[in-house]
Amino acid sequence: MLKVENLHVEVAGKIILKGLDLTISAGEVHAIMGPNGSGKSTLSNVLAGKPGYTIIKGSISFDGAAIDELSPEQRARMGIFLAFQYPVEIPGVSNMEFLKAASDSIYKHRALEPESSMDFIKRARQLSALVDLDQGFLKRGVNEGFSGGEKKRNEILQLLMLQPRLAILDETDSGLDIDALKTVSEGINSYKNSDNAVLLITHYQRLLNHIQPDFVHVLADGKIVRSGDHNLATELEAKGYAWLTDTAA
Amino acid sequence: MSNSEINKLIERTYSAGFVTDIESDTMPPGLNETVVRAISARKKEPEWLLDWRLKAYKHWCTLTPPDWGHMNFGSIDFDSISYFSAPKSQADRPASLDEVDPELLKTYEKLGIPLHEHAALAGVAVDVVFDSVSIATTFKKKLREAGVIFCSFSEAVTEHPDLVKKYLGTVVSYRDNFYASLNAAVFSDGSFVFIPKGVTCPMELSTYFRINELNTGQFERTLIIAEESAKVSYLEGCTAPMRDENQLHAAVVELIALDDADIKYSTVQNWYPGDKDGKGGIYNFVTKRGACIGDRSKISWTQVETGSAITWKYPSVVLRGDNSIGEFYSVALTHNHQQADTGTKMIHLGKNTRSTIVSKGICAGKSQNTYRGLVRVSPAAANSRNYTQCDSLLIGDTCGAHTFPYIESGRSDAVIEHEATTSTVNEEQLFLCQQRGIDADKAISMIVNGFCKEVFRELPMEFAVEAGKLLEVSLEGAVG
Ligand SMILES: Nc1ncnc2c1ncn2[C@@H]1O[C@H](COP(=O)(O)OP(=O)(O)OP(=O)(O)O)[C@@H](O)[C@H]1O
Ligand SMILES: [Mg+2]
């Protein structure tokens, strides 16, 4: 589904990703771990097409087609979804209105009639209950005045509403209390199926107790320096990153 | 759609409006007593009105244009303006929609203007024009039954001279300011509304059925009177980009509310703003003021300003009656080289008077957007309150937003609150929208609409929807 080859990326005159390879197939869950500042968010932003990131070498393809040149909205409509590490607020634009606009544009891309407002609202209510957000949140401005944990749960609500093909979750588990972590994990698990894929970016083993990854990668200094199965995460939790970064250097 | 395409569209839309042959019915440029007399004579006005115009003209001669606005434009040559031009003859108008620029029609469509209004807006010379003629007739009948007078200003002068004489110039005197004096001297036509005691106007008075009478000209004058306990909601303007060959507009609006009366005045202004380089465009200098003469009366202004090259307007309320209420809700959007200096004045004279000001300025391109507001509490106005909220939203970094709030309080028990914010549509918000599949133009319009929510809430329902779309069309191409 996603194929990243030898990716080199520059941001603000600085080279952050330095030859990154990653292949994700349908039905898989990948986790990326790595020290602060190693380039994890950079990777997710580049995949989503955020302006300001220059690919100086390498390529990204999605379902066999190169997407380097596509706008963020085109990629989103193809099914790439990014849950943000720091979700921003959009005052005055209700969550519901926002989600409907997003959903309609994705439906349109697939040449489908937009979902009826009735059905949409019904679905939104069900799913917001699933992520433990009161229905009032649907009427509030996007992330407007939400607590940190509520913002993260709202990202999962968007994920569930939009049903993308590839979900990139950038530290969605950070800042969650124990119950919220469970709720968010359940949300992600309910999304997961054999046709879609998940890329989890996390610092903590505890998320991986709820969602078992098929692959764990360590990103350090702009490269994947080690890949393994979920046991690698346990090892990292015990040993930290130094033993990997040292050998990589 | 790209910026250049939009601008092309707008240019084409308006080009027809500006190039017109001088018609024989147009007076030679320049203003003098003879012109004022001629205007009055042509309208067969009574002597008292001519006198009033002449006094206004003489006063105007002593004035110079105000220069305190936060704006920059060349001086206007008042001698080059023709102060009377008859409405275009039928023969000069397009004979059918087939002759109308398809791009203009596309814009109407985008704005969701009902099909049957397209012809009227585009100036088609027909009255096949739609069922709206018959709707208008039905409406007029209903209004008459309720005792409401709603007619053109000229008609009011003929049919209801006592009412006009009693109230004309009582809120905005002919001495008020340069443009108000000019208007008083040469005003062409406008609207007159009278709601008698105890009557709630049975419908919103909108341009909807005034579009047949669009050509009220550049010096429009409106007078609305609500007697004791009367109630009315008046909608001015139109979201469709309007064609007009006159560059200078100086309108005057006077509202009068007696005891317990309630006037709600909503405006959507979308005159030609000029091209992307700032060429052309309407200069719009408006004096709008309401007087809450009666106790417990209420006047509420809501405006959505997106058009004009220059906007200079301060819809105000004089709170004379005890317990009277004044409100001002405003969205002013500027793009490209537009300049807007707008705001309000709330003059508290009566006891327990309250006023609310919510101003939303949206500023894109190379435009300048200024809020200028005055809250004055006179020594007699015991227990008065004002709440002002003044927010600016910047799109890009080549525009300017400015806020000039003036507060003059003559009482220690006055409660005056002022909140101001400036924010930008930031990349992160845009990216969030795009990442969810929403394109940049739609994202901007959503963010801007969200920003304006408190004002749109004040607009009559269908107007609010139109206003939302209008912002969207006005901002197309605001981000690269
Ligand atoms: N716009 C930018 N301008 C300058 N430097 C940037 C920019 N974006 C990212 N960087 C730098 O790139 C490096 C990688 O940042 P990134 O956010 O990808 O790290 P991360 O792996 O997600 O870290 P964390 O675990 O703390 O979230 C950092 O050193 C960061 O300062
Ligand atoms: Mg990060």
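Let me start with two helices of chain A, α4 (residues 117-130) and α6 (residues 148-162), whose axes come within 10 Å and cross at roughly 135°; the axes are lines fitted to C-alpha atoms, for helices over the stretch in contact, and angles run from 0 to 180 degrees between N-to-C directions. Helices here are DSSP runs of H or I with at least four residues, strands are runs of E with at least two, and both are numbered from the N terminus. What we are looking at is a predicted model, in which local features need pLDDT of at least 70 and side-chain atom pairs count only at pLDDT 80 or more, while totals for chains, interfaces and linings use all residues. Residues are numbered from 1 along each chain as its sequence is written, chains are lettered from A and ligands numbered from 1 in the order in which they are written, and side-chain values use heavy atoms, with hydrogens and water left out.

Back to the helix pair: α4(A) and α6(A) are oblique to each other, the word for angles that are not under 35 degrees (roughly parallel), over 145 (roughly antiparallel) or 65 to 115 (roughly perpendicular). On the α4(A) side the contact, meaning heavy atoms within 4.5 Å, is made by A:Phe120, A:Arg123, A:Ala124, A:Leu127, A:Ser128 and A:Leu130, and on the α6(A) side by A:Leu157, A:Leu160 and A:Met161.

Staying in chain A, the magnesium ion, ligand 2, is coordinated by A:Ser41 through OG and by A:Gln85 through OE1, at 2.0 to 2.2 Å. Donors are N, O and S atoms within 2.8 Å of the metal (3.2 Å for Na, K and Ca), and because water is not among the atoms, sites may look incomplete. A:Ser41 lies in helix α1 (residues 40-48) and A:Gln85 in the loop between β6 (80-83) and β7 (90-94), so the pair ties together parts of chain A that are 44 residues apart in sequence. A:Ser41, at 22% relative accessibility, counts as partly exposed, whereas A:Gln85, at 16%, counts as buried; buried means under 20% relative accessible area, exposed over 50% and partly exposed in between, with a 1.4 Å probe and protein chains only.

Turning to chain B, we have 13 helices and 18 strands, and buried residues make up 59% of its 480 residues. Where does B:Gln429 sit? Its place is in helix α10 (residues 427-435) of chain B, and at 8% relative accessibility B:Gln429 counts as buried. Leaving aside residues up to four places away in sequence, B:Gln429 touches A:Val88, A:Glu89, A:Ile90 and A:Pro91 in chain A, together with B:Thr424 and B:Ile447.
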